[in-house]
Amino acid sequence: MRSACDEEKERIYKLKVEGFAKAHRNKISNEETFILNLLEKHFNIKIERQFEIIYNNKTYLFDGKYDNILIEFNGDYWHCNPLFYKSNYYHEIRESTANEIWNYDNFKCNVVGSHYRKFIIWENELNDTDKIIERFKIYLQRN
C-alpha cells in the first residue's frame, strides 16, 4: 500500500515533468488554508495571509502573521521534515539538499523574521489539531 507521502511525491513529480511546478510555486495549499482557518476560528482572530518581509532587497514570504507571531506551515515533502528525511536527501524539484532547505528556512525565520516570534506547523502534525491549538494558545499567552 502506498503512503500519502509517496502519492504526494508522485503528484509533485508529475507537475515538474509537465512544467507546472514553477508556475505553482506560491500556490497556497489546502492544508495551509485549513490550519490557518482553524486557528482563526478557534481563537476568533484574523491572520494576515501571505505576509511579506523585504530583507536585503529580496522578498520573503511567510504563510501568515498574527500580532507579533509569524506562522509557517511546512509541508513534510517541500521542507524535508527532519523526521522523514536525512540531511543529504536531494530534493529534485527544489534542486537542493534537505540540509540546504533547512538552512534557508532557518535563515528566513531567524534572520529575516528576527523581530517576530515564530510558530511552525509541520504537515505531519495535522493529524492532531488539538495539539496545534494548544501550542498556539501557549504562544498567545506568552505575548
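1. Arg49 and Glu40 pair through their side chains in a salt bridge, at 2.7 Å from N to O. The model is predicted, and the distance is computed from its heavy atoms. Glu40 is buried, because its relative accessible area is 13% and the cut-off for buried is under 20%. Arg49, at 27%, is partly exposed.

2. This pair does not stand alone. Lys46 joins Glu40 and Arg49 in a network of salt bridges. Treat the three residues as a linked group when reading this part of the model.

3. Glu72 and Lys108 form another salt bridge, with the closest N and O atoms 2.9 Å apart. Here distant parts of the chain are linked: Glu72 lies in strand β3 (residues 69-74), Lys108 in helix α3 (residues 98-112), and 36 residues separate them. Both Glu72 and Lys108 are buried.

4. Glu125 and Arg135 also meet in a salt bridge, at 3.3 Å from N to O. Glu125 sits in the loop between β6 (117-122) and α4 (129-142), while Arg135 belongs to helix α4. The two are 10 residues apart, and the pair is another link between distant parts of the chain. Arg135 is partly exposed, with a relative accessible area of 24%.

5. How many salt bridges does a search of the whole structure find? The count is 4. Among them are Arg49 with Glu40, Glu72 with Lys108, and Glu125 with Arg135. As background, oppositely charged side chains can pair when their charged atoms come close.

Conventions: Residues numbered from 1 in each chain as written. Predicted model: local features only at pLDDT ≥ 70, side-chain atom pairs only at ≥ 80, totals over all residues. Buried < 20%, exposed > 50% of the residue type's maximum accessible area, 1.4 Å probe, protein only. Helix = DSSP H or I, 4+ residues; strand = E, 2+ residues; numbered from the N terminus.
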